Amino acid sequence: VIKCKAAVAWEAGKPLSIEEVEVAPPKAHEVRIKIVATAVCHTDAYTLSGADPEGCFPVILGHEGAGIVESVGEGVTKVKKGDTVIPLYIPQCGECKFCKNPKTNLCQKIRITQGKGVMPDGTSRFTCKGKQIYHFMGTSTFSEYTVVADISVAKIDAAAPLDKVCLLGCGISTGYGAAVNTAKVEPGSTCAVFGLGGVGLAVIMGCKIAGASRIIGIDINKDKYAKAKEFGATECISPQDSKKPIQEVLVEMTDGGVDYSFECIGNVGLMRAALEACHKGWGLSVIVGVAAAGQEISTRPFQLVTGRTWKGTAFGGWKSVDDVPKLVTEYMSKKIKVDEFVTHTLPFDKINEAFELMHSGK
């Protein structure tokens with residue numbers, strides 16, 4: 001058993017608490033990882049808020065991390081002690097019908113136990129002050145050591161800087177993949193990206209790499225425009241600058257609508273706007289943002305009858321074990337940006353400040 005520091009969420013709506021936790025050794029087909037760096041994501045904040053119906057407490061949150069394999073359980077063959085890895089919240093077992101289907105990346109092998117905050121055998125590897133602590137998204141990267149299923153880990157280039165590539169565990173991969181895998185953006189096309197946070201910037205990067213000629217960024221926070229343009233946005237607009245609905249503004253700006261639109265916030269009203277901003281006959285809109293529990297999307301069916309397509313994406317459609325190492329290689333060869341997404345680097349015990357910076361849009 002390893003004793004180490006972790007940020008424990010004891011209950012919903014309270015700040016994280018830095019505690020000493022015990023991390024049990026990995027069982028069969030499990031891997032214990034020394035986490036070197038982790039990022040914070042709105043999904044962590046959503047569960048911490050208490051709004052997530054799958055949220056279990058007390059829990060160790062975090063799902064964008066990178067580290068080194070400390071030990072492996074019985075039967076683990078894909079990684080060994082000392083390997084550099086990224087934990088994966090969408091695993092890839094290679095055996096279920098989802099993994100065998102090239103159309104999806106949604107491996108279902110450990111979905112049920114992962115959603116309940118436990119390892120595949122139904123138990124936790126974390127304890128603190130004598131209490132069992134739940135796992136989160138199969139990763140729990142807000143701990144100096146974590147235990148994950150062996151299908152939830154990608155072995156990456158040992159030379160990669162872990163304080164940067166940890167972001168490929170969620171946000172950058174999700175946005176980039178939404179553009180290149182889910183939408184399959186074509187050269188010369190026009191794109192609109194709703195929400196200019198980390199995921200939206202990654203979508204813009206993907207659209208630019210795919211050869212889009214016009215990329216419109218949409219956000220009410222104008223402080224984000226300069227960064228969006230660095231990543232490839234050709235112009236940025238705020239819905240608050242017009243009395244007309246944003247979809248009407250976009251349709252006018254683009255002679256009938258955009259070829260591709262992306263909603264990167266999780267706001268069902270904007271999901272509708274993003275679809276309706278698409279061009280009649282061929283426009284495609286991708287839902288990337290995760291809406292709160294119980295919310296529903298709506299539009300007039302005529303929008304779809306007249307040739308628009310509505311799609312969704314999870315983790316950018318990447319087959320995680322196979323593709324995350326390739327994304328690291330693309331970063332190392334400077335095909336994709338990662339460093340530019342990092343705004344602040346804080347010591348682990350300042351994790352609550354990191355959440356404050358994220359909520360304030362900084």
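A pocket is an open set of points, on a 1 Å grid over the protein atoms alone, with protein on both sides within 12 Å along at least five of seven lines; its lining residues have an atom within 4 Å of a point. In this structure, 17 residues line the second largest pocket. The model is predicted: local features need pLDDT of at least 70, side-chain atom pairs count only at pLDDT 80 or more, and totals for chains, interfaces and linings use all residues. Residues are numbered from 1 along each chain as its sequence is written, and side-chain values use heavy atoms, leaving out hydrogens and water.

**Second largest pocket**
- Its space comes to about 290 Å³, where a volume is the space filled by probe spheres set on grid points joined across faces, edges and corners.
- K103, T104, N181, T182 and G317 lie nearest the pocket's centre.
- Helix α5 gives the most to this lining, three residues.
- Both α5 and β16 (309-312) supply at least two lining residues each. Helices (H or I, at least four residues) and strands (E, at least two) are DSSP runs, numbered from the N terminus.
- The lining holds five nonpolar, seven polar and five charged residues. Nonpolar covers Ala, Val, Leu, Ile, Met, Phe, Trp, Tyr, Cys and Pro; charged covers Asp, Glu, Lys and Arg; the others, Gly among them, are polar.

**Helix pair α5 and α6**
- The axes of α5 (residues 171-183) and α6 (residues 198-209) come within 7 Å and cross at roughly 40°. That makes α5 oblique to α6. Oblique is what remains after under 35 degrees (roughly parallel), over 145 (roughly antiparallel) and 65 to 115 (roughly perpendicular).
- Axes are lines fitted to C-alpha atoms, for helices over the stretch in contact, with angles from 0 to 180 degrees between N-to-C directions.
- The crossing is right-handed, meaning the near helix is turned clockwise from the far one by less than a right angle.
- On α5, the contact (heavy atoms within 4.5 Å) uses G171, I172, T174, G175, Y176, A178, A179 and V180. On α6, it uses V199, A202, V203, M205, G206, C207 and I209.
- These contact residues divide into 11 nonpolar, four polar and no charged.

**Cavity**
- One cavity of 30 Å³ or more is found in the whole structure. A cavity is a set of points where a 1.4 Å probe fits but cannot get out.
- The largest cavity has a volume of about 70 Å³.
- Its lining includes I110, H135 and S152, and has five nonpolar, five polar and no charged residues.

**Backbone**
- The F57 to P58 peptide bond is cis, with omega near -5°. P58 sits in the loop between α1 (42-49) and β4 (59-60).
- H29 is not a glycine, yet has a positive phi of about 60°. H29 lies in the loop between β2 (17-23) and β3 (30-39).
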